[in-house]
Every structure is written in structure tokens, then in C-alpha cells.
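Here is a friendly walk through a pocket and the sheet beside it in this report. Please have your viewer ready.

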Amino acid sequence: MAEQDPKQPEIEPREAETESPEAQVETAEEAGVADAAEAAPESAEEPSLEEEVSRLQDDLAAARDAALRAQADAQNVKRRAEQDVEKARKFALERFAGELLPVVDNLERALESAAGDDEAIKPIAEGVELTLKSFLDALGKQNIEMVDPAGEPFDPNLHQAMSMVENSEVEPNTVIAVMQKGYTLNGRLIRPAMVMVSKGG
């Protein structure tokens, strides 16, 4: 039997392979990330179809309400503008009419002075009467109406009492004389009638 060669090198036992510290750190980090991902809460759930429909219905109702409000505001603005234009049209002649009224007063006084049997001034009186009638017709076409309240109850909205006189023949607060006639423009007073009013004895 041959003897073992004493010069043959001995085979040392191989140590178990171990990972480097760097590799161990990377592995731990990956494991930690995986664990964190698993432990992280799931993202918020998307709204259900019913919730989405409800939200859209609310938005639609709000938009419809805003549109109705805008339409109502536009109609109010239009209505106010029309009213302002109508008022301006109705009362644009107020100042001009006020300047014409003294002319009417003078014509009436001239006609009263010309009353009588004097044939010499009769043609003049007729001319004044025609002029006065033309004036009143022109005023009437512009909705300027005369206020002549003789014999009517006193109305502070249309009449201005210049004096009060005892008169047992009529009811108290009755207009017994008109010293100056009043006028209205489209129903609005532009000059009150100056009157004498009765009072109880």
C-alpha cells in the first residue's frame, strides 16, 4: 500500500460565503421600502356614481339660480329705464308750460275787462277769446288740464286757500271764488288754484 505523499498540500476547509456590509444595507432598505408600501394606507376612494350625480345636480341648480337672478336684475334695470324715459317724456314740458300759464292768465283778465255792451271793443274781445281758446286747446293736446274748482270742496292737494269767508249758503270748506286757476300736467300739479274758501258761521 502506497503511503501518502507528505509534500502534497493540504486543502483548507472553505468558509461560508457572507455578504458584504454594503449589500446587507441595501437589502435592508429594500425590505423596509416594501414593508412601508404594504403598510401605507390605500389612496382615497373615488366618489361613487351617485355622489358624482348629486354634486352635478347641485352645481346645475346653483347655475340655474344665478341665471334667474341675472335675468331678473336685467328686467328690473330695463323696467326702471323705461319708467325714467316715460317720466322724462311726460314732464319735459313742465317748465315750458309754467311759463305759458301767465299768458293764459293775462288773456283771461283781458277778456273779463272787455266784457260789456261796448260795441267798439267787441271785436277785440272776440279776438282775445279766440286766442285764449287756441291756447287752451294747445295745452290740452299736451295733457295740460285746467283746475277750476268753483263750487267744489276744498282740496289741499290741488287748491291753495288765500282766504276764508263765512258763508251760510254753502257747506263749510267749499270753494266760493277762484282768484287764479290751477293746472296739471299728466295728472301732476304744476300750479295750484288760488281760491277763497267758505267757513261755518
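## About the model

This is a predicted model, where local features need pLDDT of at least 70, side-chain atom pairs count only at pLDDT 80 or more, and totals for chains, interfaces and linings use all residues. Residues are numbered from 1 along each chain as its sequence is written, and side-chain values use heavy atoms, without hydrogens and water.

## The largest pocket

The largest pocket holds about 190 Å³ of space. A pocket is an open set of points on a 1 Å grid over the protein atoms alone, where a 1.4 Å probe fits, with protein on both sides within 12 Å along at least five of seven lines; lining residues have an atom within 4 Å of a point. Its volume is the space filled by probe spheres set on the points.

Asp 105, Glu 108, Arg 109 and Glu 112 are among the lining residues, as are Val 178, Met 179, Gln 180 and Lys 181. Two or more residues each come from α3 (94-113) and β3 (175-180), and α3 gives the most, with 4. Helices (H or I, at least four residues) and strands (E, at least two) are DSSP runs. By class, the lining has 2 nonpolar, 1 polar and 5 charged residues.

## The sheet

Strand β3 also belongs to an open, mixed sheet of 3 strands in the order β2-β6-β3. Strands pair if DSSP finds at least two bridges between them. Because β2 (159-166) and β3 stand at the edges with a single partner strand each, one side of each has no neighbour in the sheet.

β3 pairs with β6 (residues 193-199) in the antiparallel sense over 4 bridges; Val 175 has Val 197 in β6 as its bridge partner.

Note on methods: Nonpolar A, V, L, I, M, F, W, Y, C, P; charged D, E, K, R; others polar.
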